[in-house]
Amino acid sequence: MPEAADTSAVRRPLRVLLFANTEWYLFNFRLALAKAARAQGSEVVLVSPPGPYGEKLRAEGFRWVSVPMARRSLNPMREVFVLLALWRLYRREKPDIAHHFTIKCVVYGGLAAKIAGTRGVVGAVTGMGYVFSSKELLARRLRPLVWRLLRLAMSGRKSRLIVQNPDDRRAVVEAALVDASHVRLIAGSGVDTQRYHPRSDALCASGRTPAVVFAARLLWAKGVAEFVLAAQVLRAEGLDIRFLVAGEPDTGNPASVPEEQLTAWREEGSVTFMGHVQDIPALMATADVVVLPSYYREGLPRNLIEAAAAGLPIVTTDAPGCREVVEDGINGILVPARDAVALTAAIRKLVLDPALAARMGAASRQKALAQFDERIVLANTLAVYRELVPEWRIADSSITEG
């Protein structure tokens with residue numbers, strides 16, 4: 001009778017769990033990472049609160065699990081229930097790597113993963129956001145508590161914290177949130193540069209009406225009010241410019257612009273509000289200048305690296321995250337935060353000097369190819385996974401480390 005096969009060395013594929021505060025974020029910003037992990041032979045589980053993009057994730061062939069987390073909830077009993085649900089999920093799924101995006105998910109996912117005994121925990125702080133950028137009383141009261149919880153969630157030698165700009169790295173190290181050796185700086189979520197192409201009808205050659213685009217969530221701290229004011233001033237000067245806003249209010253964020261204000265701006269008419277735009281490469285193909293006057297405490301703004309990939313000049317603030325994308329005078333213009341006068345002057349300068357805009361746009365494209373291509377970001381992220389789970393291997397030759 002033949003001997004039974006030795007199955008002691010047989011092991012299920014490595015399992016990666018990605019947890020974000022919206023299924024929209026997973027689909028739009030982390031789908032490439034999920035696919036890259038799957039390409040390595042890993043099982044990938046996607047986790048978020050419920051929403052319509054969950055079915056889109058499933059249509060891509062992923063297992064998507066919804067959890068009852070509300071972004072704005074401060075109800076202690078509800079939050080304990082969410083933590084309990086996450087702990088049960090992690091205990092059931094037994095991920096080898098649990099990767100969490102945005103601060104609330106980093107805290108909740110990190111705590112659940114530690115209690116469940118997850119092998120490797122990765123937190124991605126994609127900007128410090130409302131709690132650390134707002135001067136509102138609620139944000140100031142929450143800040144010390146969130147900082148302490150972050151420290152607890154990211155403690156341990158099998159944890160890594162990914163930040164997107166040097167300012168955030170310095171902040172978390174100086175606050176002793178994480179040991180400096182466990183912090184990794186990775187430039188955002190990356191962009192597929194092959195989907196973006198510099199436009200062929202250069203403004204200086206065509207004589208068409210230039211389009212200045214603001215593409216972001218409609219939060220006060222993103223600088224949308226300053227953008228509208230700049231549009232009003234430049235239109236009043238008689239300049240023929242189209243000002244476009246692509247984005248919607250974020251009702252899950254206390255700093256969202258209220259609908260009544262948007263209605264007033266629409267009626268005034270200096271700016272065209274496009275709402276949510278799904279096809280960002282097509283939007284960028286219609287733009288001549290991209291503007292983000294943010295003082296939100298960004299990580300690395302995705303809309304700016306998309307603009308860079310499209311070969312566009314950029315006007316943004318001299319603020320964390322933004323200044324990592326724009327080199328002042330090289331591929332765009334940096335202006336002080338909350339300074340509508342400087343913002344207006346920068347837009348005017350680029351619109352009235354198409355040759356300068358073209359030079360800066362070409363520099364943006366080169367910077368995107370060298371620093372922000374998603375293949376670089378994916379390879380660097382998978383390298384963090386390998387630190388925590390040594391048997392992780394990169395098998396896809398199309399992903400190369402930068």
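Is Phe-27 buried or exposed? At 18% relative accessibility, Phe-27 counts as buried (under 20% relative accessible area; exposed is over 50% and partly exposed lies in between, with a 1.4 Å probe and protein chains only).

This is a predicted model, in which local features need pLDDT of at least 70, side-chain atom pairs count only at pLDDT 80 or more, and totals for chains, interfaces and linings use all residues. Residues are numbered from 1 along each chain as its sequence is written, and side-chain values use heavy atoms, leaving out hydrogens and water.

**View 1. Phe-27 meets Tyr-53 in a tilted aromatic pair.** Phe-27 belongs to helix 1 (residues 23–29) and Tyr-53 to helix 3 (residues 53–59), 26 residues apart. Helices here are DSSP runs of H or I with at least four residues, strands are E runs of at least two, and both are numbered from the N terminus. Tyr-53 is buried too, at 12%.

**View 2. Trp-265 and Phe-273 form a stacked pair.** Here the centres are 6.3 Å apart, with 5 degrees between the planes. Trp-265 is buried at 9%, and Phe-273 is buried at 16%.

**View 3. Arg-160 sits in strand 6 (residues 159–163).** Arg-160 is buried, with a relative accessible area of 9%.

Terms used: Rings of Phe, Tyr and Trp (its six-membered ring) pair if their centres lie within 6.5 Å; planes under 30 degrees apart count as stacked, over 60 as edge-to-face and the rest as tilted.
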